[in-house]
Amino acid sequence: MRILLLALIALIFSTPTSSSFAAAWQDHSEHQHQSQHDSDKSPFDAGTEYVCPMHSQIVKDEPGTCPICGMDLVEREKKQEPQMAEDGHSGHDMSAMSSQKSFHVPRAQQQAIRVTTAKATRKDLQPMLKAQAQVRWQQSAKYHVHSRAEGWVEELYADVEGQWVEQGEKLYRVYAPDLVVAQDDYLQLLNSLNEVGNAESQRQFKRRGKQRLLLLGMNEQQISELEKTRQASYEVDYYAPQSGYVTKLNIQQGMYVSPGLELMTITDDQQLWFMLDIPVRYADQLSTGQMVHLSSDQVSGHWMNKIDYVYPQVDPQTQTLTARVPIDSSIDSLREGLWATGHVELSPVKNALVVPVKSLITTAKNNRVLVQVGEQAFAVREVKTGLRVDDEVVITDGLSEGERVVTNGQFLLDSEASLRGMQPDGEKAPAMSHEHGGH
């Protein structure tokens with residue numbers, strides 16, 4: 001009995017001690033497990049991640065290279081989800097963050113993608129519209145030579161395309177039976193004039209007969225010779241109506257010709273046009289009287305004159321307007337079809353807000369720029385643009401003087417803004433799979 005009592009007392013006093021020891025051992029074991037888990041954590045899990053400077057969708061938890069382009073990943077701070085603070089100011093902070101729509105880009109990443117910026121400034125501009133131009137003959141410079149009577153070309157004097165002919169020089173000789181008959185009828189008229197009533201009637205009959213010969217292609221000198229010799233010519237020469245180059249030749253010696261056939265074209269070399277192709281978007285800035293400066297890399301020289309006509313129709317293929325600039329220049333220095341560059345002086349623009357053209361991102365929806373709102377903060381800004389003058393573009397709305405726009409690396413930053421849903425029009429980048437190291 002005494003032994004049983006002692007065993008019972010020992011059991012009562014030993015139970016708490018065992019429980020405390022077990023609890024202590026368990027706590028120690030969990031502490032060791034937690035310490036081991038903490039020691040196994042990657043030092044890169046603390047507050048940084050690594051992203052490709054060219055492909056912002058490639059994000060990893062440790063250094064490496066981009067699987068797309070092979071570039072080294074750049075370190076940046078991990079994106080932290082905004083948390084609601086327990087005090088009463090969290091709602092105000094979230095509202096301010098939403099209204100700014102800016103995103104953070106560390107300096108290291110800015111250097112990796114070579115971000116550069118420029119200020120939006122105000123200045124006076126003298127816009128010069130640059131356009132392609134081509135040399136054309138003036139329409140009035142061309143004379144189309146047609147046959148006046150049916151017959152055969154017995155002699156061709158201007159027989160080479162490009163040949164220069166002087167006004168009054170022989171072009172070709174033709175045998176035309178109708179012309180021979182007309183000469184005989186005129187001679188008979190002259191012989192019978194004395195039988196006509198009075199002098200006035202005689203003059204009218206003679207004028208009509210002479211007019212018939214002129215319409216068939218004979219000139220005043222040939223008719224005078226016919227009146228003097230009283231002999232009809234079976235072959236009649238035709239002469240150049242003006243000086244110029246034979247720019248088109250459609251006949252050869254011995255050919256049969258008939259009225260309506262264009263035999264050749266003679267073009268005066270002192271009457272040329274520069275025809276400018278102007279993009280239709282500049283139609284409201286273009287007008288007659290504007291000065292145009294023209295030059296060509298193919299020939300030496302500089303030409304200058306005012307626009308004398310803007311054609312009303314738009315070329316359906318090139319979507320351009322045509323402006324005409326007359327030039328007093330010889331073919332010795334210019335050739336028809338020669339390309340040149342024209343600069344049209346437009347109306348000056350005063351106190352315009354401008355940024356570099358290369359800072360502008362143009363899409364089907366809008367024009368936008370990346371604005372640096374802090375040393376490591378950027379925002380996408382939709383803008384309205386005006387004239388482009390050299391390397392600058394006028395901003396009519398969306399920017400203020402002194403704001404800095406990104407001039408290099410803006411497309412990568414714009415892509416990052418799209419991925420974060422920070423575009424001004426809600427535009428988002430297409431869904432792409434993200435690769436995360438260690439997952």
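This is a predicted model: local features need pLDDT of at least 70, side-chain atom pairs count only at pLDDT 80 or more; totals for chains, interfaces and linings use all residues.
Reader: How do you know what volume the second largest pocket has, and how does its lining divide by class?

Author: The computed volume of the second largest pocket is about 370 Å³. By class, its lining has ten nonpolar residues, four polar ones and one charged residue.

Reader: What makes strand 12 and strand 14 the edge strands?

Author: Four strands form an open sheet with antiparallel pairing, in the order 12-11-9-14. Strand 12 (235-239) and strand 14 (256-257) each pair on one side only, and these are the edge strands.

Reader: Which helix lies across strand 9, strand 11 and strand 12, and at what angle does it run to strand 12?

Author: Helix 4 (residues 177-191) lies across strand 9, strand 11 (170-175) and strand 12, and its direction is at about 100 degrees to that of strand 12.

Reader: Why is T407 called buried?

Author: The term buried means under 20% relative accessible area, and T407 has a relative accessibility of 9%, so T407 counts as buried. The place of T407 is in strand 27 (residues 404-408). Leaving aside neighbours within four places in sequence, T407 is in contact with T116, T117, A118, P356, K358 and S359.

Reader: Why is G386 called partly exposed?

Author: Partly exposed lies between the cut-offs of under 20% for buried and over 50% for exposed, and because the relative accessible area of G386 is 33%, G386 is partly exposed. G386 belongs to strand 25 (residues 377-389), and, apart from neighbours within four places in sequence, G386 is in contact with V393, V394 and T396. From C-alpha to C-alpha, G386 and A352 are 9.4 Å apart in space, and they are 34 residues apart in sequence.

Reader: What makes the phi values of R230 and N351 worth a remark, and why is each residue called partly exposed?

Author: Phi of R230 is near 55 degrees, a positive value in a residue other than glycine, and N351, which is not a glycine, has a positive phi of about 50 degrees. R230 lies in the loop between helix 6 (220-229) and strand 12, whereas N351 lies in strand 22 (residues 349-356). With exposed set at over 50% and buried at under 20%, R230 at 40% relative accessibility counts as partly exposed, and N351 at 48% therefore counts as partly exposed as well.

Reader: Why is M71 called partly exposed, and which residues does M71 touch?

Author: The relative accessible area of M71 is 32%, so M71 is partly exposed. M71 lies in the loop between strand 2 (59-60) and strand 3 (74-77), where, not counting residues up to four places away in sequence, M71 touches P53, M54, G64, T65 and C66. M54 is 17 residues from M71 along the chain, and the C-alpha atoms of these two residues are separated by 8.0 Å.

Reader: How many helices and strands has the protein chain, and what share of its residues is buried?

Author: The protein chain has seven helices and 27 strands, and buried residues make up 35% of its 439 residues. Among contacts between residues at least 6 apart in sequence, 70% join residues at least 24 apart.

Note on methods:
Residues are numbered from 1 along each chain as its sequence is written. Side-chain values use heavy atoms; hydrogens and water are left out. Two strands pair if DSSP finds at least two bridges between them. Helices (H or I, at least four residues) and strands (E, at least two) are DSSP runs, numbered from the N terminus. Contact means heavy atoms within 4.5 Å. Axes are lines fitted to C-alpha atoms, for helices over the stretch in contact, and angles run from 0 to 180 degrees between N-to-C directions. On a 1 Å grid over the protein atoms alone, a cavity is a set of points where a 1.4 Å probe fits but cannot get out, and a pocket is an open set with protein on both sides within 12 Å along at least five of seven lines; lining residues have an atom within 4 Å of a point. Grid points are joined across faces, edges and corners, and a volume is the space filled by probe spheres set on the points. Ala, Val, Leu, Ile, Met, Phe, Trp, Tyr, Cys and Pro count as nonpolar, Asp, Glu, Lys and Arg as charged, and the others, Gly among them, as polar. Buried means under 20% relative accessible area, exposed over 50%, partly exposed in between (1.4 Å probe, protein chains only).
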